[in-house]
Amino acid sequence: MKMVEEGQKQPQISRERIKLEEIVEEEGEDRISALQDCLLLEILSLLPSTKDAIRTGTLSKRWKHLWMSTPTLIFKLSDDRLTQYRQIPTSRSNFVSFVDKTLTQRRQLKLNKFAVCIYYDIEIESQVKNWIRYAMSCNVEQLILELCVIGLEAKFQLDQNFFFSSNVTHLRLSGCVLNPSGAISWKNLRSLRISNEKLDEDLIENMLSGSPELETLVLKGCYGYNRVDVTSKSVKKLVFSGYFDPEDGSDYALDIIEINAPDIQSLTIQGNLWLLKVLLGNVSSLVEANLDYNYKKLGHWETTPEVAEEEMLKGLILKLGHVKELKIGVLCCEALSRLKAKGFIIPSNAKWCGSNCFRSVL
């Protein structure tokens with residue numbers, strides 16, 4: 001479902017709102033008014049955005065101010081409005097004004113989820129910081145900050161107090177600079193997803209050591225590091241989703257990523273990999289693994305891109321021979337076919353998750 005831009009008029013009424021209006025028409029206002037607040041707030045929390053929740057206020061008097069107590073706030077811009085958003089100042093200001101007004105009107109109650117998904121520039125830095133402070137003051141549990149920037153434009157600088165939280169359990173960050181001045185303390189964090197950020201080994205270790213309850217770690221399109229050492233015994237799932245260094249202007253693949261995670265039980269390697277290879281260290285506790293990545297054919301010093309791709313896939317499959325279930329996706333099909341043609345024997349734990357391509361490989 002595409003994101004709904006808050007500062008713009010919608011071409012049609014959302015399906016969720018139509019359903020609610022049908023309920024009012026069929027059941028009558030008394031029936032709706034009889035529902036408990038917790039039930040109505042649960043309905044509002046399931047809507048795609050906060051703007052949809054606010055619009056339910058037109059359904060009946062019972063709903064007019066109910067959205068002010070909703071435990072979920074979602075502010076999103078549409079995926080296809082980047083050009084307009086960047087070129088028309090009113091589009092950006094309308095969205096920012098909408099968020100500011102909403103937070104002013106809403107009661108400062110407990111937040112289960114707070115999400116901001118927008119295109120970011122430095123002009124709205126102070127407003128974004130205020131939004132985050134509001135969410136943190138409401139003891140938010142799920143915090144999603146997807147701040148899209150173009151190229152190497154200035155990203156959002158997180159305040160230092162952001163790295164100290166005992167309430168956040170699920171955190172998703174994109175377009176945010178992680179630069180803590182000291183030790184991180186996310187005491188109850190269980191899921192962490194970081195996208196398109198520059199990281200290093202020390203920062204990764206800081207995040208892991210400061211998150212004693214962390215169970216799932218997702219690194220999507222991040223760069224700047226060569227090792228992922230997951231020494232935490234609480235982390236059971238690791239997703240390595242793409243690697244691309246926008247600061248590297250070389251035509252050759254030089255980066256080698258080594259993953260060492262002795263206690264994880266699930267490993268996924270996926271997305272576009274702009275690197276030389278991925279190596280697996282100690283992954284002895286793995287139960288399942290998923291390989292579905294697109295190996296970008298950059299130049300190589302000692303071999304061809306095709307051979308480098310085959311050697312990497314072969315090395316991963318052999319290293320994962322002990323897992324109960326090894327799923328291989330469609331993006332690895334061609335390399336696997338070439339390996340098979342060269343006499344490589346596919347282990348019995350490997351399963352194909354895609355088209356009929358795997359049948360020709362076996």
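Which residues are exposed on the other side of helix 10? They are Glu334 and Ala341. The legends below describe this helix and several other parts of a predicted model.

**Figure 1. The whole chain, as an overview for the close-ups.** The predicted model has a secondary structure of 11 helices and 18 strands. The chain has 362 residues, and 49% of them count as buried. Among contacts with a separation of 6 or more, 59% are between residues 24 or more positions apart. A search of the whole structure for disulfides finds 0. Cysteine 138 is buried, at 2% relative accessibility, and cysteine 222 is buried with a relative accessible area of 0%.

Figure 2. Helix 10 covers residues 333–341, and its buried residues are Cys333, Ala335, Leu336 and Leu339. Glycine 343 follows helix 10 and has a positive phi, near 100°.

**Figure 3. Helix 9 packs against helix 10.** Helix 9 is made of residues 305–319. The angle between helix 9 and helix 10 is about 85°, and their axes are 9 Å apart. The two helices are therefore roughly perpendicular to each other. Helix 9 brings Glu306, Glu309, Glu310, Leu313, Lys314 and Ile317 to the contact, while helix 10 brings Ala335, Leu336, Arg338 and Leu339. By type, the residues of this contact are 5 nonpolar, 5 charged and no polar.

**Figure 4. Tryptophan 352 lies in strand 18.** Strand 18 covers residues 350–353. Is tryptophan 352 buried or exposed? Its relative accessible area is 15%, so this tryptophan is buried. Glycine 329 is 23 residues away from tryptophan 352 in sequence. In space, the C-alpha atoms of tryptophan 352 and glycine 329 are 6.3 Å apart.

**Figure 5. Glutamate 197 is a buried residue in a loop.** The loop runs between strand 9 (191–195) and helix 8 (201–209). The relative accessible area of glutamate 197 is 3%, so the residue counts as buried. Which residues are in contact with glutamate 197, leaving aside its neighbours within four places in sequence? They are Lys155, Ser174, Gly175, Cys176, Val177, Leu178, Gly221, Cys222 and Tyr223. Ser174 is 23 residues from glutamate 197 along the chain, and the C-alpha atoms of the two are separated by 7.0 Å. Cys222 is the buried cysteine named in Figure 1, with a relative accessible area of 0%.

**Figure 6. Asparagine 139 and asparagine 196 each have a positive phi.** For asparagine 139, phi is near 55°, a positive value in a residue other than glycine. This asparagine is in the loop between helix 7 (125–137) and strand 3 (142–148). Asparagine 139 is partly exposed, with a relative accessible area of 34%. For asparagine 196, phi is near 55°. Asparagine 196 sits in the loop between strand 9 and helix 8, which is also where glutamate 197 is placed. Asparagine 196 counts as partly exposed at 41% relative accessibility, whereas glutamate 197 is buried.

Conventions
Residues are numbered from 1 along each chain as its sequence is written. This is a predicted model: local features need pLDDT of at least 70, side-chain atom pairs count only at pLDDT 80 or more; totals for chains, interfaces and linings use all residues. Side-chain values use heavy atoms; hydrogens and water are left out. Buried means under 20% relative accessible area, exposed over 50%, partly exposed in between (1.4 Å probe, protein chains only). Helices (H or I, at least four residues) and strands (E, at least two) are DSSP runs, numbered from the N terminus. Axes are lines fitted to C-alpha atoms, for helices over the stretch in contact, and angles run from 0 to 180 degrees between N-to-C directions. Angles under 35 degrees count as roughly parallel, over 145 as roughly antiparallel, 65 to 115 as roughly perpendicular and the rest as oblique. Contact means heavy atoms within 4.5 Å. Ala, Val, Leu, Ile, Met, Phe, Trp, Tyr, Cys and Pro count as nonpolar, Asp, Glu, Lys and Arg as charged, and the others, Gly among them, as polar. A disulfide is a pair of cysteine sulfur atoms within 2.5 Å.
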